[in-house]
Amino acid sequence: MSEAGTEVQFEAGAEAAAARVAIGEIFLEFLIIGAISFGGVVPYLRDRLVARRHWLSDKEFVELLSISQSLPGLNATNMAILVGQKLSGALGAVVGILGICLPGSVLMFIVGIVYRSHGDHAWATGALKGVAAAAVGLVLSTVVQLSKRSLEQRGDYLFLALTVLAVDLMHLSVLLALVGVGLLAVLWHRPIDTNMEEQP
Amino acid sequence: MSDLPALIRVFAYLSLLTVGGGMAAYPEMKTLTVDVHQWLTSPQLVHLYSVGQLAPGPNMMMIVPIGDWVGGPLGAILVLIAFFGPTAVLTFAVGRFWTKLETWPWRTSIQQGLAPVSIGLLLAGCFTLAKSAVFGLETAAIAAGVLLILLQTKINPALLVLGGAVIGVLSLE
């Protein structure tokens, strides 16, 4: 019963926030985040939405982030959808994702045009070689940090290795690896029976 | 222009693979855009992905130039809608009731089970990228250097990618 009470309060809180936060403000805030978030969006989201705007509590932010990470889609755009939705429903979600995508997509549109006409200059080739190598290090560091944070059992490393083998050595499609190994891993982490009996 | 339907199909499909991050879809993106449809070369894909890490906002905006090259500005817009639309709708739909599933025991199972698989997909994508991006001592040193610095400090990763570019230019002669 207390669960239901919290839920109602949460809903009411969301509606109050919706009344306060105008669509234009949501769009502007995500536009700013989309324009300044060099090097990764999540810290900027937390700084702007939680610390500056107080649209979310830290607890709500972490909760929404964990949903974002479990679903397909980039953290940045999933967070824009979820926060926009919480602040102002469907329209909030639409302006959130538009705002966060607009600056980077316009920038990359221009970069694409410049790259196609000047990408084979000697200095560009040199710079791109360094940028690509650095990107490898960047993704590896994300892998290490995520592993430290979210892998608890030895079995988890087995599933991680299975996924890599399936994609890189057996050249299975990413979708097959995701569904196949994912299913195994979810079953491995299945709820224990006592929890199941509580289900209606 | 006749490639527009294929462009939409490919990026809508890739969209659903981005569990854990955009890199998870990279091996499939390479197969589909480079090998199957030949919209760009393998080095071009590596360059776009890497430069894309310097742009602010969601880190997969490198799909925009692919759309532009294949179908002009319309192609760029369609690629954005195809790549972000499906997951946006899914997140919107699931977000409504996911918090209410807090007591559903399988919710934790799904989160715990998907964690190693999504990290595995990132690592697999990283290996695919590394096959084209790391060759010889210099590129290996840049990759290892960036990894070590990021694990030891809280420096902004975009600065290190920029540093990689500077080293790449300086080492030309």
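**Ground rules.** I am working with a predicted model, in which local features need pLDDT of at least 70, side-chain atom pairs count only at pLDDT 80 or more, and totals for chains, interfaces and linings use all residues. Residues are numbered from 1 along each chain as its sequence is written, chains are lettered from A and ligands numbered from 1 in the order in which they are written, and side-chain values use heavy atoms, leaving out hydrogens and water.

**Entry 1: the interface.** I looked up how chain B meets chain A. Chain B puts 98 residues into the contact and chain A 92 residues, where contact means heavy atoms within 4.5 Å. About 8,000 Å² is buried between the two chains, and carbon and sulfur atoms give 76% of that area. Buried area here is the accessible area (1.4 Å probe) that two parts lose on being put together, summed over both.

**Entry 2: salt bridges.** I took a salt bridge to be a side-chain nitrogen of Lys or Arg within 4 Å of a carboxyl oxygen of Asp or Glu. B:Arg107 pairs with A:Glu63 in a salt bridge, with the closest N and O atoms 3.6 Å apart. Inside chain A, I noted a salt bridge from A:Glu29 to A:Arg48, whose closest N and O atoms are 2.6 Å apart. A:Glu29 sits in helix H2 (residues 23-36) of chain A and A:Arg48 in helix H3 (residues 42-52) of chain A, so this pair ties together parts 19 residues apart in sequence. Helices are DSSP runs (H or I, at least four residues), numbered from the N terminus.

**Entry 3: H2 and H3 of chain B.** I followed helix H2 (residues 26-36) of chain B to helix H3 (residues 42-52) of chain B; their axes come within 10 Å and cross at roughly 135°. Axes are lines fitted to C-alpha atoms over the stretch in contact, with angles from 0 to 180 degrees between N-to-C directions. H2(B) and H3(B) are therefore oblique to each other. H2(B) brings B:Tyr26, B:Met29, B:Lys30, B:Thr33 and B:Val34 to the contact, and H3(B) brings B:Ser42, B:Leu45, B:Val46 and B:Tyr49.

**Entry 4: H2 and H5 of chain B.** I then checked H2(B) against helix H5 (residues 105-133) of chain B, and their axes come within 7 Å and cross at roughly 50°. From H2(B), the contact uses B:Tyr26, B:Pro27 and B:Lys30; from H5(B), B:Ala124, B:Gly125, B:Thr128, B:Leu129 and B:Ser132.

Note on methods: Helices (H or I, at least four residues) and strands (E, at least two) are DSSP runs, numbered from the N terminus. Angles under 35 degrees count as roughly parallel, over 145 as roughly antiparallel, 65 to 115 as roughly perpendicular and the rest as oblique.
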